Structures are given as C-alpha cells and as structure tokens.
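Please look over the sequence and the structure below before reading on. The report is meant to be read with both in view.

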Amino acid sequence: MSASKKEIRVQPIENGTVIDHITAGQALNVLKILGISGVSSGVVSVLINAPGEAGNKDVVKIEGRELEADEADRISLIAPNATINIIRDFEVQEKKNVEIPRHVEGIVKCINSNCISNSNEPVASKFEVRNLKSGIELRCDYCERVISENIAEHLL
Amino acid sequence: MIDHILDTAEQLEDIARNKEQSDILAGKILAVLFFEPSTRTRMSFETAIMRLGGNVLNLGSVDISSIAKGESLADTIRVVAGYSNAIVLRHPMEGAAKLASEFSSVPILNAGDGAGHHPTQTFLDLYTIRRESHLEGLKIALAGDLKYGRTVHSLCYALSHYGADITLVSPEELRMPQEIINDLKNRGLNVTETDSMESAIKDVDVLYMTRVQKERFPDDAEYQKVANRLKITPELLESARSEMKIMHPLPRTTEIDPGVDATPHACYFQQSFYGVPVRMALLALVMGAME
C-alpha cells in the first residue's frame, strides 16, 4: 500500500477521541453503545477491517468529543482489547485500555422476554458483568438470566 | 441466615398450631398482592399475619383494580407501601419482586415471580426436612418434572448450603437442565440421575415428588405412560426405609396414590402446614418484631 493512500485512511483529528484496536466488525456496535447516530453533529470516521499488526481491526474517530471513562469501559463488552486515545491539538494526550465494568445499565436488553425489565416498567436493564476465561458474561439483575454469547446482538 | 429463619419458625410453631396466642404483630398490616392465582401460598401468609395479631390488606381481583387500567407495578408498589408494613408479591414476570424492592419503602416478600423464584416455598421445604428428617448429610430423591419445576431447582440450590446426596428421577423429556446439575456439582453436591423410581427410593431419607403437567406432553397417551412410571403407591414403598418421608409442594394429581396418605412416609400435609410458621417467622423478622 502506498503511503499516500494510507494517510487518507487514517487522517489525524485535531480534538476528540480515537478508539483503536476494536474487534474487527464491531465498529458500528461501538457507535451504538456510545449513542452516536446519523443525527449526531460532530464528524465521526469509521474504519472497518483495517489491517493491523495483530490482524484486522476496526477504528472509530470521534471529532470534538472526549469519551468519559465509564463510556469507554462499556465498549469492553464487545471489544475488550480496544484502546482509547484522547487527542488535543493533534497530539495524543491520554492513552488507555478499556476496563471491563462490574455492572452495566441501559445498554443491553435481557434475552428473557418474560423478564420484568422488558415490560413497560420505569427501569433500565441492569447486568452484573463477569469476565470469565470463556469470555464476557452478563447476568440480569432482575431475572438472573445469563447472556454469554453474541452480546452485540442484544444492544439496546 | 437460613438457620436463623428456621430456628425462628420453630419458636413460633405452637402459635401456628393455635396452642398459644400472640400479638407481636398487632397494629401491623400485610399487603397481599397476587397478580396470579394461588391458594395455599396466599392463605398461609394471611394465616401467618393473623396468628401474630396483624391484619391483611388484599389487592382483590386484578381485573377490577388499577392494574387493569394499565398502572405499572412500580406505581402500584409505591402506593401500597404507603398503606402497609410489608408487601407479599406474586407476579407472572421474572424479576418482579426485585423491581418491587427498588420502589418500596417497606419490605417485599417474593411469593413467586414467574418461572423465577419462590423462596418462601424453599424455606418451608427446608424446615420440613429439618423437622421431619435431617438437613445435614441428607440423601434426597427429587422426582417428576425437574425441567420446569422451579421448586426443585431452588430447593437443590438451598441444599447446597448443607451438602446432600441428590438423586434425580425424571423422564427424559423432563430432566433437570444440565447447567443446574453442573452448578450443583460445582457446589459440592453429589448428583445422580435415573429414570427408575424403584431404585431411587431404596436408600433415601426424603423423596420429594412434583406434579408432571399434562401440557408438557404431545398427547395424553405419552403423559399417562410417564405419569404411571413415576407414580408412588403403597406397594412401591415396601422397599423404602421405614423413616423415609415423602414431600410434595401440592396440589397433587395422580403422582401419589391416596393409599400412601395413611403410611408414616406421607409428610406433604405437614409440609403444607409448615408454610405457616415459616411465613410467620419471615413476617416477624422483616417487620422487626423479632430479631
């Protein structure tokens, strides 16, 4: 690949957040978790299946918004290896790994259709997060049903 | 904590039998919110509060209450908490009691949340085992519908606090879910599975029967075949140990022959009664009348 083509793909941003090393194919779900849709005002760049040193990855660049730690950590549910780079004046000011939160609210829908959190009650879904060898597992605070695979499919 | 509740129930048993009178819950009101039909759970809670001198406030029919107008459970709970000192809730959805506890200013007692939990049944089952047999070193056979029966699932988890040898007796279609069996083994319980009632009852202290529901089977013939294979009769009990006790959460249909009722093994009506002292203990503890 020529240098000029590569530059076009990963153009630096002036201020904002670059989320790197997202599990390949999960970039759009990352946007979903962060509540970024087509009506958001800032510029958002998405790179899917970009070749990286450790295989393909996705990258998301959000201009003009610095992610808070708890926002960033939610991403770990679907992209546990993601890194967060806070950019100011084209420089990386802060670089950190996402941390798996112990508890999440209002991000994932319980897979049990008869769970009270799926009714019209005034509550958000809540899950205890467990980081097991087999992967991340979510246990519903209300009905205790466990989601152990395809978490991205159950994002709210 | 489990043992403390069972100890408290034992202290209150004579009051439950009406041999002694008590008014330790005088002036207290228990709200009974049953969004699903139930006879024995509701009645034993009502008996429990009345035996301790308290009063009952009943939701009445769901069809004519505010719920029929679309009120959320959260709002119902906030309103009823203002009228009462504790709320007993049965609801068809899993997690309802947990949700109620988030909106209530008074204690919530879960009397069944869909296919989720029915903890007061588990307490009374443990109490029955303790009173009629023994909890430590227990050998128990659980028979019938082990797939959908939340009662047996909860009882197994509760028994894991004491250690037990568990034999599961069920037809292939109604086997206990493998993840629960794995959980129980991880908690140190010995679990074996069989489809033979004869072999299962020979060496156990307690046989816990559950009802096999007709609607779980594709046709009546299949149901009858399974129901007959699991049926307890006086003849079958000849091979059981003399002190073996038979429990059942009731209502029963055909799984226990009425001829068994007169044998010293039958314990299910005692079990049903024990719901009263156990629920008295829970009410006295959550309302602060006992410590």
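## Basis of the model

This is a predicted model, in which local features need pLDDT of at least 70 and side-chain atom pairs count only at pLDDT 80 or more, while totals for chains, interfaces and linings use all residues. Residues are numbered from 1 along each chain as its sequence is written, chains are lettered from A and ligands numbered from 1 in the order in which they are written, and side-chain values use heavy atoms, with hydrogens and water left out.

## The open sheet of chain B

In chain B, five strands make up an open sheet with parallel pairing, in the order 7-6-5-8-9. Here helices (H or I, at least four residues) and strands (E, at least two) are DSSP runs numbered from the N terminus, and two strands pair if DSSP finds at least two bridges between them. Strand 7 (190–194) and strand 9 (245–247) of chain B are the edge strands, each of which pairs on one side only. From one strand to the next, the twist averages 20 degrees; axes are lines fitted to C-alpha atoms, for helices over the stretch in contact, and angles run from 0 to 180 degrees between N-to-C directions.

Strand 6 (residues 164–169) of chain B is joined to strand 7 of chain B by five bridges, and B:L168 has B:E193 as its bridge partner in strand 7 of chain B. Helix 5 (residues 119–132) of chain B lies across strand 5 (138–143), strand 8 (206–209) and strand 9 of chain B, running at about 170 degrees to strand 9 of chain B.

## Where chain A meets chain B

With contact taken as heavy atoms within 4.5 Å, 14 residues from chain A and 14 residues from chain B take part. Between the two chains, the rule finds one salt bridge, a term that stands for a side-chain nitrogen of Lys or Arg within 4 Å of a carboxyl oxygen of Asp or Glu. The side chains of B:E102 and A:K126 meet in a salt bridge, at 3.2 Å from N to O.

## Backbone details

The peptide bond from B:L250 to B:P251 is cis, with omega near 5 degrees, and B:P251 is found in the loop between strand 9 and helix 10 (268–286) of chain B. A:F90, although it is not a glycine, has a positive phi of about 65 degrees.
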